[in-house]
Amino acid sequence: LHCMDVQPILLKGWSLARLYPEDGLRPYEDIDIIVPPLCSLHDLPHDIDVNHQEVDTLDRRNWSDIYARSEHVSLRGTLVRVLGLEDHLRALCIHFLKHRGSRPIWLCDIAMIIERFGSSLDWDLCLGRDRTRTSWIAGVILLAHELLDMDSSALPSNVKMRRLPSWLSLTVLEEWGRTGQKYDNPFWKYLSCAGDIMGLLRERWPNPIYATLQFSARIHVVPPVPQQIAGFIRAGTRRLLTLAERTMTAG
């Protein structure tokens, strides 16, 4: 797979599994690659996920810089380009939050990289200069320490001194407990039953992690209630507009 004479960069999956101390410790199901923002790849197998937005996840850093820090590794005699460790750890932390911290294996990946390679990482490069994203990355790293008992000796002082918000760890544990659970009730159902407003709030109240990222807020000790309220109103307004549009179309 080539595009504009630039090799796609593999992330997650096998590129992480190879770093674990033993084979088979890290299962993976698909292939995730990132490509330059203007690159377009077609007719790829269904298990290959091409991600342009992951570059923005890396703090809108220049593609050429990300590419220059990537490296070639051998996979059964074929050279495969993978993210540099600092960029990879950064992407993993933000990816974990983007998906509401829903999968424990992603936190294991982060803990593994820090325990095995933390002392040799360029932490300034990993944490970056964007204070918002730095708070996201540091929060996930502290989660790995608290929930997985990750060795924190290699962490820089500006991460160690941070306080892990209790709402963040509680939210992640709740997400792990509801893995596979879906919200099946459509939004309009609650509109026809005014007495079930609490049911609407329980099912549709935004995940605080999602609300934090949705409004590009920093991770603070105080729960992001304002962002959750705004997210709930935004989502409700969007659904009401969609319902009204369907009603007008049907009429």
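A charge sits over a ring if NZ of Lys or CZ of Arg is within 6 Å of the ring centre and within 35 degrees of the ring normal. Keep in mind that this is a predicted model.

By that rule, the charged end of Arg 81 sits over the ring of Tyr 67, at 4.2 Å from the ring centre. Another case is Arg 18, whose charged end is over the ring of Trp 14, 5.9 Å from its centre.

Now the aromatic pairs; the structure holds two. In one, Trp 63 and Tyr 67 have ring centres 6.2 Å apart and planes at 35°, so this pair is tilted. Both residues belong to helix α3, four residues apart, which is about one turn of the helix. Trp 63 is buried, at 13% relative accessible area, while Tyr 67 is partly exposed, at 22%.

Trp 205 and Phe 232 also form a tilted pair, with 5.7 Å between centres and 45° between planes. This pair links distant parts of the chain: Trp 205 is in the loop between α11 and α12, and Phe 232 is in helix α13, 27 residues apart. Trp 205 counts as partly exposed, at 34%, and Phe 232 is buried, at 18%.

Last, the cores. The largest nonpolar core has 38 residues, and Leu 89, Phe 96 and Ile 110 are among those with the most contacts inside it. Helix α7 gives the largest share of this core, eight residues. Beyond its sequence neighbours within four places, Ile 110 is in contact with Leu 89, Leu 92, Cys 93, Phe 96 and Val 140. A second, separate core has seven residues, including Leu 10 and Val 80.

How values were computed:
Residues are numbered from 1 along each chain as its sequence is written. This is a predicted model: local features need pLDDT of at least 70, side-chain atom pairs count only at pLDDT 80 or more; totals for chains, interfaces and linings use all residues. Side-chain values use heavy atoms; hydrogens and water are left out. A nonpolar core is a set of buried Ala, Val, Leu, Ile, Met, Phe, Trp, Tyr and Cys residues joined through side-chain atoms within 4.5 Å. Buried means under 20% relative accessible area, exposed over 50%, partly exposed in between (1.4 Å probe, protein chains only). Helices (H or I, at least four residues) and strands (E, at least two) are DSSP runs, numbered from the N terminus. Contact means heavy atoms within 4.5 Å. Rings of Phe, Tyr and Trp (its six-membered ring) pair if their centres lie within 6.5 Å; planes under 30 degrees apart count as stacked, over 60 as edge-to-face and the rest as tilted.
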